[in-house]
Amino acid sequence: MKPIRTPELSVRIGNIKLKNPVIVASGTFGFGEEYKDFLNLDDLGAIIPKGISLKPMPGNPPPRIFETEGGILNSIGLQNPGFEGFIKDKLPYFKNIKTHLLINIFGNTQKEYMELARRFNEVPGISGLEMNISCPNVERGGIAFCSDPKIVYQLVRAVRKLTKLTLIVKLSPNVTDISSMAKGAEEGGADAVSLINTFKAMAINIRSKKPELGNTFGGLSGPAIKPIALRMVWEVSQTVNIPVIGMGGIMKAEDAIEFILVGASAVQIGTANLINPRTAIEVIQGIRHYLIQSKMQRIQELIGAFRY
Ligand SMILES: Cc1cc2nc3c(=O)[nH]c(=O)nc-3n(C[C@H](O)[C@H](O)[C@H](O)COP(=O)(O)O)c2cc1C
């Protein structure tokens with residue numbers, strides 16, 4: 001009998017090679033250190049810490065999390081220590097972690113994104129940037145950057161010129177045609193797109209007749225959004241020629257495999273980290289097991305193998 005070879009799980013995104021396709025999603029894994037007692041961070045494909053803005057942000061009033069059937073609503077409000085706070089207090093921990101660090105950035109003007117890209121480009125130890133473009137554009141009446149393909153193109157193009165780091169653009173599902181936004185990002189020079197961010201949503205307490213979240217609206221994530229996320233990843237992967245990173249309700253390896261089958265080169269684990277902090281590791285093991293059972297040598301044989 002021939003010995004079973006361990007399948008090759010590595011994937012390329014822009015100019016980086018991930019040892020496996022499993023990334024932990026921004027905002028659901030703290031700044032990495034919070035999870036160190038549950039898993040070996042070196043084993044992850046990449047880590048994306050909480051989104052970073054130029055200046056520190058206090059976030060929204062509580063309650064900020066509300067559990068729904070099949071998901072959670074969050075209105076954290078992008079609380080973060082800002083660029084300088086991150087560099088001083090959070091980045092040093094990653095010095096000895098042997099996986100890629102991707103920084104999720106956001107702003108309210110094109111200039112803020114550009115300034116963050118310029119500054120992070122000079123910081124050693126960072127492999128790439130993930131641009132969260134779901135934020136309101138204050139120069140355009142507060143309409144989110146992600147909702148107009150021309151704005152997406154201009155924003156990504158401006159940032160692309162300022163960084164050599166792998167550039168990932170994270171798309172919002174709160175649009176009519178997510179594929180056109182992905183195309184805008186690709187034409188602007190993105191190395192990859194990641195999707196989806198959360199759905200704008202709300203919940204009401206019928207006793208108080210008030211919203212369950214301090215901010216009224218929040219973002220819906222978790223298993224409830226998975227079928228829609230999967231459909232969007234499929235549509236986007238049919239539209240662009242750059243790698244697609246899929247997420248939205250991945251709780252186990254089988255969910256991740258669905259995303260890979262419809263064209264995702266890598267996946268992100270979000271809400272599941274809050275329920276089982278070892279989910280990402282279990283997903284890596286599950287993908288490996290599936291490849292062995294399917295007699296596949298490399299993850300690439302699975303990417304886009306969806307038959308329809
Ligand atoms: C508590 C919480 C905080 C989040 N914070 C961010 C963030 O700072 N930046 C960002 O781009 N996405 C953020 N997200 C969105 C996730 O990264 C992910 O796109 C989304 O939750 C869908 O994946 P999931 O269903 O696996 O959670 C956050 C999600 C949650 C649940």
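Trainee: Which handedness does the crossing of α1 and α2 have?
Mentor: In this predicted model, α1 and helix α2 (residues 110–121) pack at an angle of about 20°, with their axes 11 Å apart. That angle makes α1 roughly parallel to α2. The crossing of the two helices is right-handed.

Trainee: Into which classes do the residues of the contact of α1 with α2 divide?
Mentor: From α1 the contact takes Phe83, Glu84, Phe86 and Ile87, and from α2 it takes Leu116, Arg119 and Phe120. These residues divide into 5 nonpolar, no polar and 2 charged.

Trainee: Are α3 and α4 roughly parallel or roughly antiparallel?
Mentor: Helix α3 covers residues 149–160 and helix α4 covers residues 178–188; their axes come within 7 Å and cross at roughly 30°. Angles under 35 degrees count as roughly parallel. That makes the relation of α3 to α4 roughly parallel.

Trainee: How many residues of the contact of α3 with α4 are charged?
Mentor: The crossing of α3 and α4 is right-handed. On the α3 side the contact is made by Pro149, Val152, Tyr153, Val156, Arg157 and Arg160, and on the α4 side by Ser180, Met181, Gly184, Ala185, Glu187 and Gly188. The division is 6 nonpolar, 3 polar and, for the charged class, 3.

Trainee: Which strands form the closed barrel, and in what order?
Mentor: The chain has 8 helices and 18 strands. The barrel is closed, has 8 strands with parallel pairing, and runs β3-β4-β7-β8-β11-β12-β17-β18.

Trainee: What is the bridge partner of Asn104 in β8?
Mentor: Strand β7 (residues 100–105) and strand β8 (residues 128–132) run parallel and are joined by 4 bridges. In β8, the partner of Asn104 is Glu130.

Trainee: What angle does the direction of α3 make with that of β11?
Mentor: Helix α3 packs on the sheet and touches β8 as well as β11 (166–170). The direction of α3 makes an angle with that of β11 of about 160°.

Trainee: At what angle does α6 run to β18?
Mentor: Helix α6 takes up residues 253–261. This helix lies across β17 (244–246) and β18 (264–269), and its angle to β18 is about 145°.

Trainee: Which are the edge strands of the open sheet?
Mentor: The open sheet has 4 strands in the order β5-β6-β16-β13, with antiparallel pairing. An edge strand here pairs on one side only, and that holds for β5 (65–68) and β13 (199–202).

Trainee: Which residue in β6 does Thr68 stand opposite?
Mentor: β5 and β6 run antiparallel and are joined by 4 bridges. They form a hairpin with 2 residues between them, and Gly70 in the turn has a positive phi of about 80°. In β6, the residue opposite Thr68 is Gly71.

Trainee: What is the bridge partner of Ile72 in β16?
Mentor: Strand β6 (residues 71–74) and strand β16 (residues 217–221) run antiparallel, with 3 bridges joining them. In β16, Ile72 has as its partner Ser221.

Trainee: Where is Leu78 found?
Mentor: Most residues other than glycine have a negative phi. Leu78 has a positive phi of about 55° although it is not a glycine. Its place is the loop between β6 and α1 (82–90).

Trainee: What is omega for the cis peptide bond from Leu195 to Ile196?
Mentor: Most peptide bonds are trans. The bond from Pro62 to Pro63 is cis, with omega near -10°, and Pro63 lies in the loop between β4 (46–47) and β5. Ile196 is found in the loop between β12 (192–195) and β13. For the cis bond from Leu195 to Ile196, omega is near 15°.

Trainee: What radius of gyration does the chain have?
Mentor: The C-alpha atoms fill a box of roughly 65 × 50 × 40 Å along the principal axes. A compact globule with 308 residues would have a radius of gyration near 19 Å, and the chain agrees with that, its value being 19 Å.

How values were computed: Residues are numbered from 1 along each chain as its sequence is written. This is a predicted model: local features need pLDDT of at least 70, side-chain atom pairs count only at pLDDT 80 or more; totals for chains, interfaces and linings use all residues. Side-chain values use heavy atoms; hydrogens and water are left out. Axes are lines fitted to C-alpha atoms, for helices over the stretch in contact, and angles run from 0 to 180 degrees between N-to-C directions. Angles under 35 degrees count as roughly parallel, over 145 as roughly antiparallel, 65 to 115 as roughly perpendicular and the rest as oblique. A crossing is left-handed if the near helix is turned anticlockwise from the far one by less than a right angle, and right-handed if clockwise. Contact means heavy atoms within 4.5 Å. Ala, Val, Leu, Ile, Met, Phe, Trp, Tyr, Cys and Pro count as nonpolar, Asp, Glu, Lys and Arg as charged, and the others, Gly among them, as polar. Two strands pair if DSSP finds at least two bridges between them. The radius of gyration is taken over C-alpha atoms; the globule rule is 2.2 Å times the number of residues to the power 0.38.
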